Amino acid sequence: MSIHSVLSISPLDGRYASRVKALSGEVSEYGLIHYRVMVEIKWLIKLAEEPHFKEIPSFDEKAKQFLISLYENFSPEDAMAVKEIEKSTNHDVKAVEYWIKNQVKNHEALAASSEFTHFTCTSEDINNLSYGLMFKGTINDVVIPQLGDVIGSMREMAHEFASIPMLSRTHGQPATPTTLGKEIANVIYRLERQVRQLKNQEYLGKINGAVGNYNAHLVVYPEFNWPAFAEDFIENDLGLTFTPYSTQIECHDYIAEFAHTMSRINTILIDWSRDVWNYISHNFFRQRTIAGEVGSSTMPHKVNPIDFENAEGNFGIANALFSHFAEKLPISRMQRDLSDSTVLRSIGSAFGYTLIGFSSLLKGHGKLEVNAENLLADLNANVEVLGEAVQTLMRRDGIANPYEKLKEFTRGKRINLDEMRAFIDTLELAEAEKNALKALEPASYVGLAEQLAKAI
């Protein structure tokens, strides 16, 4: 552990730094600068390849590869060099332009084209595309795989615990039994829906000038189809989705979309974290002890559900940020104000706290052991939940007031199996039906729960 970890003002850069390493190449300052360099260079290459722009010299393959190497080999040290230029420019995107020009100034084939770096662009043309690439990379290459690990661990539990019966609780009260695996399957299904939405997420981009009208573009090349050229660049060279209408900024609606999706994912996992916390509290789950670990500074017996509490807390912080992004970023005064820029710089924190939550859940899942005996005892202590099955069969067979009769017999009471079976014997039902009902126990009254769990 370095001294930096205890001096950091954010747990993302200190206590939890190892858990968010996967984000450092994407949503860091280095990541943003790297994507800016990539967009600037790809735009320059695109311009040089267009025959209509006769004033822009074309590049041979060697020169083109040199340019490509600038972003493919871009390092944190290169990012620091850009930041050094920014001290003079006080403008982050202009610093990237100057850095690229410095790299090609001694390159014979490229020096003559250096002034076409950032040609026809406003800073937000570069920024919005850089952020689009950043978000696409972060979600597809980091978030979805790590969430997949969480879902995978839950799927293993759903299948392993598919047949383990447990009492449900609705409104906190004993209710129709289920299985532990089926309850986990419910969460998996919810998460997988959100993953599909993330996979289908569009990442929009624009490169249409100062206020979105290609104003300067038409002055220099009035006969050229700039919207088609911009669309081709954004869709085919960058792999983003072209948006034909914007002000100076891309409107950020898609950022709100994936922020909402991320918030739903985290909310589902908060729900799961709280349920597991309760299962541990009821001793339905035990937690494996780890040598040397302390649960309480004064109560040596304790094994606290800290991983699920940690997950809940970090998902909550992430959601506070994602909610702010979704509410704030689509709003911009007139053709633009700078408030979106400062907010976007914090979006990595939301992903960071989300990843901490993922890793906490994985750690917590690995400690869980089912206490099947306690689950069974809980079921056997609540025989009255079989009243649902009895009154439903009574309904089918036309017995009057079935619900009311079971309500009088069971509501607010504790009954045992012998009492339930004696009640069934008083009913005007065929003997075979009575026997089927009397064979029921809370642990066997689980419907299709086992099959549903195994099918997830």
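Trainee: Which residue follows H11, and what is its phi?
Mentor: Asn283 follows H11. Its phi is positive, near 65°. Helices here are DSSP runs of H or I with at least four residues, strands are runs of E with at least two, and both are numbered from the N terminus.

Trainee: Before we go on, what kind of model is this?
Mentor: This is a predicted model: local features need pLDDT of at least 70, side-chain atom pairs count only at pLDDT 80 or more, and totals for chains, interfaces and linings use all residues. Residues are numbered from 1 along each chain as its sequence is written, and side-chain values use heavy atoms, with hydrogens and water left out.

Trainee: Back to H11. What span should it have?
Mentor: H11 covers residues 253–281, which is 29 residues. At 1.5 Å a residue, it should span 42 Å. The rule is 1.5 Å times one less than the number of residues. The end C-alpha atoms are 42 Å apart, so the two agree.

Trainee: And what sits in the loop between strand E4 and H11?
Mentor: His252 is in that loop, and E4 is 241–242. His252 is not a glycine, yet its phi is positive, about 75°.

Trainee: Is His252 buried or exposed?
Mentor: Buried, with a relative accessible area of 4%. Buried means under 20%, exposed over 50%, and partly exposed in between, using a 1.4 Å probe and protein chains only.

Trainee: Where is Tyr214?
Mentor: Tyr214 is in the loop between strand E3 (204–205) and helix H9 (215–220). Its phi is positive too, about 60°. Tyr214 is buried, at 9%.

Trainee: How do H7 and H11 cross?
Mentor: H7 is residues 123–160; its axis and that of H11 come within 12 Å and cross at roughly 20°. That makes H7 roughly parallel to H11. Axes are lines fitted to C-alpha atoms, for helices over the stretch in contact, and angles run from 0 to 180 degrees between N-to-C directions. Under 35 degrees counts as roughly parallel.

Trainee: New topic. How many disulfides are there?
Mentor: Zero in the whole structure. A disulfide is a pair of cysteine sulfur atoms within 2.5 Å.

Key. Parallel < 35°, antiparallel > 145°, perpendicular 65-115°, else oblique.
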